[in-house]
Amino acid sequence: MIDGSSHRKTLRQSVDWWVIGVYLLLVIIGWVNIYAATHTSSVGSMLDWSSRAGKQFVWILTSFGLAGLILWILPSQLWEGGAPVLYAFVLGLLVLVIFVSSDVKGSHSWFDLGPIRFQPAEVSKITTSLLLSLVMSQQWFKMSRIRDFLLAAAIIGLPMLVIVAESETGSALVYAGFIFVLYREGLSGWWLAAIGLVIMLFVGTLTAGSYTTILVMIGILVLCTAFSQPSRLKDRLLIGGGFVLAMALFPSLLNWLGSLVQGQMDKLAMRPWVPRADETQDYYWGFVLRIKPVWVLIGLSVAALPAVLWAAYKYKDKFLALCCGVFIAGTIMVFSTDFVFQNVLQPHQRGRIEVLLGLKEDLAGVGYNVNQSKIAIGSGGLLGKGFLKGTQTTFGFVPEQSTDFIFCTVGEEWGFLGCLVVIGLYVFLIARLILDAERCRGKFTRIYGYCVAACIFMHLFINVGMTVGLMPVIGIPLPLLSYGGSSLWAFTILIFIFLALYRNEKKYF
Amino acid sequence: MEHGKRHIPLLIGLGVTALVLLAKIFSLQVIDRYKEDADRNSTVYETIYPTRGVIYDRNGDILVGNKVAYDILVSPREVQAFDTLALATVLDVTPEFIRGKLKEYSRRRSAIGFQSVTMMRMVPAETYMRFDEVKYRFPGFKGQVRSVRDYPFNAGGNLLGYVSEVNQAYIDRHPGEYRSGDYAGMTGIEAARETELRGEKGYHIYLRNSRNQIEQPYKDGQEDKEAIPGHDIVTTIDAALQQYGQELMQNKVGSIVAIEPSTGEILALVSSPGIDVSQLADIGRHWEEISANPYKPMYNRAVQASYPPGSVFKLVNGLIGLEEGVLRPEMMYPCHQGYHFGAGHKLGCHAHKSPINMEESIMMSCNAYYCYVLKNILDNREYDNVAEGLDHWREMVMSFGFGRKLGSDFPAELSGSIPSSKTYNRAYGKGRWNSTTVISLSIGQGEILATPMHLANLCATIANRGYYYIPHIVRESPGVPLDQRFKERQYTLVDTLHFPKVIKGMWRAVNSGPGMGGTAWIAHVDSLDICGKTGTAQNPRGADNSVFICFAPMDNPKIAIAAYVENGGFGATYAAPMASLMVEKYLTGSTSRPALEKRMKEADLMARVKHD
């Protein structure tokens, strides 16, 4: 009471208003797009309770209430102290839900409480983060010690397994993001890099094709080598980045050239009095049509390899040499994946993997969703069709439009610019959380901050990746944007617990 | 161990991930073609079918118009439980019919999908109106109004042709022009003038949702395209004459072709048996019946049947003889019941006076006379041998249009055939035949084949004294230009000077009065000055074919006509009276010989006709 005024002052200063601002923006963007996604030709009010936008408005208001509760009323020490109990309680709910829930689209993860449905998997992210932070912030915890590492892995893995048992593979995948937290706290970076690269190469080869995969790999290697030698950052970024950019444009260029050549050849073919053998068959530009971009990419890269190796030798840059090795290994992996998949696997085995990766064109099932979603986003163009003008969105081509596929509405109605703003806001939010966490002196808060950042990142990547066809169809919501109380509440709590902890830090230090 | 710098690679990773996502989004939105797909995805084009052009006769009467037909469609997927009995009462069918149909659709449900299928075709307007009032009670059932062909005259079924839905083969033959569900003319004028008649399809664009439900017009209908109706076609046909010709030809197999000599316009093109126009509008339903008919009603004999022309061909031989200088009108030849050649060979003739001159030979249709004529043509000293003589003769015959397609605007015209020296070299060997071998050519028998259209054209050529216009069936009208070839006179290789001599004989054949030996006195009509020539063509399958060509009046002819009645006997028996009645009908608007007319209409020769 005595230092009430100074408390308020500290409060205003100690809360990260940037995070709250971005949070508010995202929630409002979500609300507007939910309205756009669900409105019909007859325009109703955004506040109409019977519509999804109206319901979301109520969820938003209650979320604000929750945020205020966490920030100002609940003691922040509660989270640290209560972590084990909360973790155990939610884990219990996760198990319970398997037995008492009704079947919703094949998964058993929803509690049906009359008008409200509640998914414990959403809350479990929070409790897992809390317990993980608690355990890892202990003095005795050493990441390098195998026992401690396994303990951390168990805290993450336990709810993950139960969620897989609920057939909510998507939500389970989010927990893989905690590996970034482990990395921050001392897990060797090579683990991360190796796992990441293998996954990327495997999935990339099967979904985006070997060309894109190899190009992305080269891009990553270029970035790594550049940042490993700050003195040569600029040179390497210029040379490597230039190469990657040029090669990224190469297939389009080749296509364009090819259409020119094809047009020319068609014209020649339409003049039968011109001796065929001379011009149409052996038209001297005809070879353009036979160029396979991937061979050009490999050829150029391999040709550049000796030069890079020489540079590595000259500057005694072991990392650069290592990157060359990774490139060779990665390329071999891409081709062998491709080869094994196309030639060794039986058709039914291939089919299963394709279904798992959401590759199979199955118009009645997942393939339909992705195709429609890509069409919707693609139709937005650079600037979008404008609020409520989206045809794909309005007429319900995209399923789960207001929940998992809300990003389609953004893409269609607000175009690339809208996507840029939304993704920019997320990146800002995540980066801000990471930087805030770094500023914390208390290990618990820092680790928790990373957990929040990791969760949001995984949701963002998987969800947006899914809507644009980069990721298999995994039904998880886009944080703060997607329709649904469970998800909005969960992310509000997740973020505001961090803000409360962070504020607490500032208050005392 | 402190890891103070580890947030940097994580932040970089975050940035890279965001860039990858944005790059993919950029490629989808700005580079790729997904934008185009969206419009196709969410808009639905509803075709507006143009009204097909109307077909008029030469006097402005409608031969083929359009009328509204009502169909009952059903979308099986949208059908909900309904009162079958009530629907059956409304539609005037039995409940079993509806149940049966629905059962059939349920069996074919995977093929039908969300489409609509036609449950009933061409229901009466009254039934349709009744259904329209209560259709809200039967979700999934709906009515469709479409335009079908309507035929005010029962004239020219075969000539007009029919319109039907295009099949895949037809679509493939006309790439880019038709889509499944379109209609196109398949035979007759409907087919010949398809491009003019069909018009241009239009469309309404609607936005639809993913359940294929129409939501609203796209851009308030700004992008819609109206259908452009087809051009009307004015035919050269005289509907009344055509109908009269069909009545005369009923229960007979054969054709009547009438041409206006001064223009080449076809006034009537009767092919019997033909298709009743009532069957044309809904040809699908009658298809079985039509194709099972042994007399092949779809077969347009007027332009497709090749017959020996018989004695009418003597006119051609006479004209060629005159042109070649081997025949002069005053030349007399004897005839003793025929032409005797070789050892005991004879080409018979009927009893008439002997000897006779050229005019009388036409009037009395003497066979022997033309044997002498053809022999003189072929054995002409001007040519080295008979083969050369024959080929020269063939060239002159073909200048009358024989042995080739005339080039009319009527589809599926056939060329007939005129033999050449090669024909006989193949049959007998080179140098092993002479003029007597081919002597039956003199009287239009043997290897000569011509369509009734060829004969009518011959008649028009004679009426014009030496030239013809290519017969055609469509007149010039706005949007339907007349091809230049129909405006040019086609001269034969016979000098126009020779034609009046032949015409005199034709006049005498009709107008000499009974007892004078004229073969076609039955065709005589007072003051009409009909000139004609009979023919009796041998038919290897039964009784002779009755043939007659005539034109009238003699000066400034208005109509040239050819009648060909299979198994009709002498030319004067059926073909001559019919052609005469047609001429009278056309020139005077009525007929003065009710007894003859009745006899012609009621004659039934079908029993005589042998079919495959």
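Tutor: Residues are numbered from 1 along each chain as its sequence is written, and chains are lettered from A in the order in which they are written. In this predicted model, local features need pLDDT of at least 70, side-chain atom pairs count only at pLDDT 80 or more, and totals for chains, interfaces and linings use all residues.

Student: How many helices and strands does chain A have?

Tutor: Chain A has 20 helices and two strands. These are DSSP runs numbered from the N terminus, with helices being H or I of at least four residues and strands E of at least two.

Student: What makes H2(A) roughly antiparallel to H18(A)?

Tutor: The axes of H2 (residues 17–38) and H18 (residues 406–439) of chain A come within 10 Å and cross at roughly 160°. That makes H2(A) roughly antiparallel to H18(A), as angles over 145 degrees count as such, while those under 35 are roughly parallel, 65 to 115 roughly perpendicular and the rest oblique. Axes are lines fitted to C-alpha atoms, for helices over the stretch in contact, and angles run from 0 to 180 degrees between N-to-C directions.

Student: Which residues make that contact?

Tutor: Among them are Trp18(A), Leu25(A) and Ile29(A) of H2(A), with Val410(A), Phe428(A) and Arg432(A) of H18(A). Two residues are in contact if their C-beta atoms, placed from the backbone, lie within 7 Å.

Student: Why are H18(A) and H19(A) called roughly antiparallel?

Tutor: H19 covers residues 443–467 of chain A, and it packs with H18(A) at an angle of about 160°, their axes 9 Å apart. H18(A) and H19(A) are therefore roughly antiparallel to each other. Where they meet, the residues include Tyr426(A) and Ile430(A) in H18(A) and Tyr450(A) and Phe457(A) in H19(A).

Student: What share of chain A is buried?

Tutor: Buried residues make up 39% of its 509 residues. A residue is buried if 20 or more other C-beta atoms lie within 10 Å of its own, exposed if 12 or fewer, and partly exposed in between.

Student: Which residues touch the most other members of the largest nonpolar core?

Tutor: Of its 138 residues, they are Ala456(B), Cys459(B), Cys550(B), Ile561(B) and Ala579(B). Helix H17 (residues 367–378) of chain B gives the largest share, nine residues. A nonpolar core is a set of buried Ala, Val, Leu, Ile, Met, Phe, Trp, Tyr and Cys residues joined through C-beta atoms within 7 Å. Leaving aside neighbours within four places in sequence, Cys550(B) is in contact with residues including Cys459(B), Ile561(B) and Ala579(B).
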